[in-house]
Amino acid sequence: MEFIFVTLFPHLIQSYFSDSILHRALKCQKIGVEFCNPRDFSQNRYLKVDDYQVGGGAGLLLEPIHLSLALDSILKKHPQTHIIFLTPCGKTFNHKDSKRLAKKSHITFVCGRYEGFDERLIEVYANEVLSIGDFILTGGELAALCLCDSISRQIQGVLGNSESLIGESYEVSLLESPNFTKPHIFKGLSIPSEYSKGNHIKINDLKLKTAEAKTKFHRIDLYWQYQQRLKNEK
């Protein structure tokens, strides 16, 4: 899987791939990461790529000319790339999107800045428009990293143990059950005794019940989806 980040600030993203799982994935060539800066396509002396909004309004927009030159250069090299614009108006990214997008061979993330993009860029180039939630960031770099991380871990070989993907939160509209490590007693709180007895049937049953309780407490919306799925399976 190859990722390209279209951003005015590549250094904000680069350091994320210098450690841990995604760093190993890069070294093993499970993923590839490139950067494309629209300023490289600017011909004015200040490398300016933004402009005031037509019709007025606070803040500047990334204007269409230089960003379109950047995207055209990517499409020329990678005509199969799947272009995702990160913007608050997009559909909220979720776990199903992560698994679906992991099947792509090439993804381009377009990171906004200031007040966002000229809307015509989205109409011409976007395959998808995604958001990570109903809140505003100063730029799309963090959102793009969230998507890249989530998608990458779904790619075979990126995680050291593929079983880590089994039973994760959101797989069946449930949050993952509570997990524990040693010591068995911590500040007066103990691990459920069944976890230490080696009966995996009982352990799995307990994990399901605690996952249901955790989901009902933290995410009642997911719990309703889970209950509906159970009804449909009957």
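Author: Start with a definition: buried means under 20% relative accessible area, exposed means over 50%, and partly exposed lies in between. This is a predicted model.

Now the cysteines. A disulfide is a covalent bond between the sulfur atoms of two cysteines. The structure holds zero disulfides. Cys28 is in none. Its nearest cysteine sulfur belongs to Cys148, 16 Å away. Cys28 has 53% relative accessibility, so it counts as exposed.

Cys146 also has Cys148 as the residue with the closest cysteine sulfur. The distance is 10 Å, too far for a bond. A disulfide needs the two sulfur atoms within 2.5 Å. Cys146 reaches 42% relative accessibility, which means that it counts as partly exposed.

Next, the chain around them. The protein chain has eight helices and nine strands. Buried residues make up 38% of its 234 residues.

Then the overall form. The radius of gyration is 22 Å, whereas a compact globule of 234 residues would have one near 17 Å. Along the principal axes, the C-alpha atoms fill a box of roughly 70 × 40 × 40 Å.

Contacts come next. Take those between residues at least 6 apart in sequence: 74% of them join residues at least 24 apart.

Last, charge. The chain carries 29 positive and 26 negative charges.

Terms used: Residues are numbered from 1 along each chain as its sequence is written. This is a predicted model: local features need pLDDT of at least 70, side-chain atom pairs count only at pLDDT 80 or more; totals for chains, interfaces and linings use all residues. Side-chain values use heavy atoms; hydrogens and water are left out. Helices (H or I, at least four residues) and strands (E, at least two) are DSSP runs, numbered from the N terminus. The radius of gyration is taken over C-alpha atoms; the globule rule is 2.2 Å times the number of residues to the power 0.38. Buried means under 20% relative accessible area, exposed over 50%, partly exposed in between (1.4 Å probe, protein chains only). Contact means heavy atoms within 4.5 Å. Lys and Arg count as positive and Asp and Glu as negative; His and the chain ends are not counted. The place of a charge is taken as NZ of Lys, CZ of Arg, CG of Asp or CD of Glu.
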